[in-house]
Amino acid sequence: MIRPLIERYREYLPIEPGDPVVSINEGSTPLIEAPAVSERVGARVLLKFEGLNPTGSFKDRGMTMAVSKAKARGAQAVICASTGNTAASAAAYAARAGMRGAVIVPQGNIAVGKLAQSLIYGARVISLDGNFDDALVIVRHLADNFPIELVNSVNPYRIEGQKTGAFELIEELDGPPDALAIPVGNAGNVTAYWKGFTEWDTSPLLYGAQAAGAAPLVIGEPVERPETIASAIRIGKPARGDEALTAFDESGGRVRSVTDEEILEAYAFLASREGVFCEPSSAASVAGLFVHGIEPDSDAPTPETIVCVLTGNGLKDPDTALAASEGVIECSTDLSEVEEAVFGDRPA
Ligand code: F0G
């Protein structure tokens, strides 16, 4: 059935009868049982694979709303700062809406697939000699001073669209999970899930995960020079940080950090044991359970069912996958050599 996210949840979204719906059939992503992860953490763990959205990340949920509302207001162009996924999504929805798109990304710190996407969708891609936090300051200035719509998650419609992830979980599980594990960068997604859960009168524990080199919410202050291999969440000054901290607190959950090494271990585990290939940043949610266990910071009961939000598709970042894996085995057409390559010991 063809059902854009805005149609599926129209009655819960601020969309007016005459508004255009700019959709590429986002949302309705699969919830996947994760037996190997479950065994390792001692609870039933399910993976909400947001990497199967049209541009390969959860950003499409918010972007269908933000671009539809921008079009309703007659905007001709959209802009965002991005570590890559928001850029790809904004570029795609702008293309779909017949609008111009401009995206500002941190030079040298964006996965190659995200760059390729943004370019082929036809956006103007600006590579900034600065980080995401610098880019966000600049796009806010541009949106304040020029006729161009800002579609970062500071735009309230992004949060509205993204809250539907919580609705899908409640519907699919006939109630909320006991806990939601989620990577945190600019803190829009966790804010959106919490809005969705509370609108439907539920309050699962929220377990946020930040990369150790970019963990402002864990250390309690901004990080001037964020660093992590998980480039999607390489953010030191999250725009919705305060809201996210309130959400963690209200839920009785927690926000913790995980090292790049721990992120990469969870990333390879998900691919090799569950057959699910997500981005390194997405794997931070699972790494958080592996490293810190499943107990909440409050006196809430230990969760029995935990959903990990896998925010983006692993195909976006082939470089990290190749670097994290054993290499290919080169071989001639000689049959015995091929036999040795297939069945013999791996060359050192
Ligand atoms: N996971 C992925 C794959 C992301 O791309 C992002 C954010 C997050 C997690 C964190 O979500 O920012 O709502 O807390 N990416 C943004 C971008 C910053 O520009 O694509 P958040």
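Student: Which strands are among what covers the buried residues of α6?

Tutor: The cover includes β3 (77-81), β4 (100-106), β5 (124-128) and β6 (149-150). This is a predicted model, in which local features need pLDDT of at least 70 and side-chain atom pairs count only at pLDDT 80 or more, while totals for chains, interfaces and linings use all residues. Residues are numbered from 1 along each chain as its sequence is written, and side-chain values use heavy atoms, with hydrogens and water left out. Helices (H or I, at least four residues) and strands (E, at least two) are DSSP runs, numbered from the N terminus; buried means under 20% relative accessible area, exposed over 50%, and partly exposed in between (1.4 Å probe, protein chains only); contact means heavy atoms within 4.5 Å.

Student: Which residues of α6 are buried, and which exposed residues lie on the face turned away from them?

Tutor: The general idea is that an α-helix has 3.6 residues a turn, so residues three or four places apart point the same way. In α6 the buried residues are Phe-132, Asp-133, Ala-135, Leu-136 and Val-139, and they lie on the same side of the helix because they cover an arc of only 150 degrees around the axis, the arc being that of the directions from the helix axis to the C-beta atoms. The opposite face carries the exposed residues Val-137 and Asp-144. At the start of α6, a side-chain oxygen of Asn-131 comes within 3.0 Å of the backbone nitrogen of Asp-133. This is a polar contact, a pair of N or O atoms within 3.5 Å; within protein, one must be able to donate a hydrogen and the other to accept it, and residues adjacent in sequence count only if both atoms are side-chain atoms.

Student: How does one check the span of a helix, and what does α12 reach from its first C-alpha to its last?

Tutor: The expected span is 1.5 Å times one less than the number of residues. For α12, with 15 residues, the distance from first to last C-alpha is 20 Å, close to the 21 Å expected. Its buried residues are Ile-263, Ala-266, Tyr-267, Phe-269, Leu-270 and Glu-274, which sit on the same side of α12 because they cover an arc of only 160 degrees. Glu-261, Ser-272 and Arg-273 are exposed on the face turned away from that buried side.

Student: Which residues touch the most other members of the largest nonpolar core?

Tutor: A nonpolar core is a set of buried Ala, Val, Leu, Ile, Met, Phe, Trp, Tyr and Cys residues joined through side-chain atoms within 4.5 Å. Here the largest has 35 residues, and Val-37, Leu-47, Val-286 and Leu-289 touch the most other members. Among the elements that each supply at least two residues of this core are α2 (35-41), β2 (44-49), α12 (260-274) and α13 (280-292), with the largest share, 6 residues, coming from α13. Apart from this core lies another, of 29 residues, among them Ile-6, Ile-15, Leu-46 and Ala-166. As for Leu-289, its contacts beyond four places in sequence include Val-41, Val-45, Tyr-207 and Ile-306.

Student: How should I read a loop residue such as Arg-240: is it buried or exposed?

Tutor: A position in a loop should be read together with the accessible area. Arg-240 lies in the loop between α10 (216-219) and α11 (241-251), yet Arg-240 is buried, with a relative accessible area of 11%. Its contacts beyond four places in sequence include Ser-153, Pro-156, Asn-186 and Thr-191, and a polar side-chain atom of Arg-240 is 2.7 Å from the backbone oxygen of Ser-153. Thr-191 is 49 residues away along the chain, but the two C-alpha atoms are separated by 7.3 Å.

Student: How many residues surround the ligand?

Tutor: There are 19, and the closest are Ser-82, Asn-186, Ala-187, Asn-189 and Thr-311, where a residue is near a molecule or strand if one of its heavy atoms lies within 4 Å of it. Oxygen atoms of the ligand lie 2.8 Å from a polar backbone atom of Thr-83, 2.8 Å from a polar side-chain atom of Asn-85, and 2.7 Å from a backbone N or O atom of Asn-189.
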